[in-house]
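Colleague: I would like a close look at one part of this model, with the criteria spelled out as you go.

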Amino acid sequence: MNLTIEQIQDFKGKYPRQIWSLFFSEMWERFCFYGMRGMLVFFMISELKFGDEQANLQYGATQAFVYAFTFVGGLFADKILGFRKSLFWGGLMMIIGSLILAFEPHQFFFLGIAFTVVGTGFFKPNISTMVGKLYKSDDSRRDAGFSLFYAGINLGALLGGYLCIAIGKGEMLSSVIPENKRWNVAFGLAAIVMVISLINFVFTQRRMGPIGLAPQKILADGTKIALEKWKEYGVYLLSLAFVPLIMVMVAVPQYTDYFMWTVGPLTLIYLFYEMSKVNSSERKKLWAALVFIVFSILFWGIYEQSGGSLSIFAAKNLNKDLLGLDPNGVNNSGGAFFIIFLAPLFGLLWIWLSKRKLEPNTIIKFGLGFIFLGLGFYVLYATRFFADLQGVTSLNIFTIALLVITFGELCLSPIGLSIMTKLSTEKLQGMMMGLWFLASAYGQYVAGIIGAGMATAKEGSSNVDALIAYTEGYKQLGIYALIAGLLLIVISPLIKKLMQEVR
Ligand code: GLN
């Protein structure tokens with residue numbers, strides 16, 4: 001079944017067949033990732049006896065490193081491994097990481113986490129790039145494909161995010177799992193699903209034709225030969241060498257600051273170096289990609305309040321007027337829940353609009369993403385008008401805000417993945433996808449700073465004061481998002497020029 005790239009890309013219907021295999025591999029990977037992520041803070045506090053602040057800082061550090069390593073993973077995929085091997089290697093490291101945690105979660109906690117961090121860096125950007133490869137450059141069905149893929153991401157996130165912590169805490173299966181083995185089973189589950197992800201990928205490979213194979217060296221006479229083997233092994237060794245480094249970096253939160261302040265400028269310098277080697281048309285497209293990347297930092301900075309200040313807000317200021325559900329549960333998983341249903345619909349909407357020549361281009365979609373985000377934060381602000389005298393307000397209204405924010409996410413996040421694959425040159429696909437996720441690392445970082453700023457505002461105060469302080473903060477963030485959205489729409493002619501024929 002050796003398909004050519006044309007046979008793959010000339011597909012009939014709405015989605016290429018291969019997308020389903022990538023969908024499932026990524027779904028299980030996200031199950032593992034969000035499963036682990038969901039357990040981190042709780043495990044550090046309840047089992048490792050860390051203080052709240054330390055646990056939160058170390059959680060933030062792992063999040064920053066995880067997304068920062070996507071740049072490394074993408075870069076090595078472009079230069080040496082190709083997407084398939086990178087993905088496989090990343091998956092393997094994630095399995096090792098979760099197995100370490102499954103067997104010795106207390107003793108080797110940071111070792112396990114460090115393996116997972118590097119592994120995710122190799123897996124996450126490269127599977128996304130492979131989705132883009134299923135499409136011809138001018139295929140208008142690409143955004144729909146990424147929206148579907150995004151539904152898979154969130155299905156995994158929802159299942160993993162719910163099941164792992166529930167097992168760890170003993171809320172699920174506690175009658176069959178001995179109490180002292182709960183965390184082992186929970187981390188073990190992450191390992192098992194990651195094995196499923198990789199097995200699924202191995203079977204997928206056969207239908208991927210030449211997509212994701214390792215880059216080759218072109219000799220002076222034009223013949224292509226495989227790269228030297230030592231380079232491949234060198235990457236494996238180097239990534240293993242990163243493991244102890246990350247363990248040290250995660251342990252001292254201050255290092256994360258240094259890291260964030262150095263890595264951003266360095267990657268930009270490297271990007272500019274790569275940009276100097278391409279032709280002017282390609283360079284313009286990379287500039288456009290950079291604009292999207294920079295805007296995405298602001299988007300995630302606001303959006304990621306969900307993990308920080310919004311979880312405190314949910315715990316303190318929300319009632320249970322939505323079917324009696326727990327407000328923190330809704331805050332953690334409501335977004336993913338909406339996306340699973342809405343993402344495929346958004347995809348079909350893009351295809352429907354494109355057939356009628358009405359599909360907004362990427363810049364406008366990004367602009368809409370910010371506008372929905374801003375409106376969503378306005379609804380968060382508005383929760384204060386539904387509060388009782390104790391400062392407790394409606395979970396229903398909060399959920400409406402989540403829904404509006406999710407509309408924004410769907411206009412920006414899958415579309416961002418898609419536009420990276422459109423604007424990158426052939427040889428920089430992995431790196432640019434890595435850069436897209438690196439921006440998420442900065443987004444998380446910014447989110448933490450914003451959240452901390454809002455938290456100081458309410459120190460030692462009552463629920464009512466907290467409500468006022470937080471909702472005031474959300475109003476501000478809403479305004480920033482709206483301004484960013486309008487700014488994008490205003491500068492859209494300029495970005496369009498940079499993007500040339502790409503829409
Ligand atoms: N939630 C999405 C995912 O896990 C997007 C993450 C991001 O880009 N920050 O893939």
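Which residues in α12 meet which residues in α15?

Modeller: This is a predicted model, in which local features need pLDDT of at least 70 and side-chain atom pairs count only at pLDDT 80 or more, while totals for chains, interfaces and linings use all residues. Residues are numbered from 1 along each chain as its sequence is written. From α12, the residues are Ile363, Ile364, Phe366, Gly367, Phe370, Ile371, Leu373, Gly374, Phe377, Tyr378, Leu380 and Tyr381, and they meet Thr471, Tyr474, Lys475, Leu477, Gly478, Ala481, Leu482, Ala484, Gly485, Leu488 and Ile489 of α15, where contact requires C-beta atoms, placed from the backbone, to lie within 7 Å. By class, this contact has 17 nonpolar, 5 polar and 1 charged residues (Ala, Val, Leu, Ile, Met, Phe, Trp, Tyr, Cys and Pro count as nonpolar, Asp, Glu, Lys and Arg as charged, and the others, Gly among them, as polar).

As for the geometry, helix α12 spans residues 362–382 and helix α15 residues 463–490, helices being DSSP runs of H or I with at least four residues, numbered from the N terminus. Their axes lie 7 Å apart and the helices pack at an angle of about 165°, with axes fitted to C-alpha atoms over the stretch in contact and angles running from 0 to 180 degrees between N-to-C directions. The two helices are therefore roughly antiparallel, a label for angles over 145 degrees. The crossing of α12 past α15 is left-handed, that is, the near helix is turned anticlockwise from the far one by less than a right angle.

How values were computed. Parallel < 35°, antiparallel > 145°, perpendicular 65-115°, else oblique. Contact = placed C-beta atoms within 7 Å.
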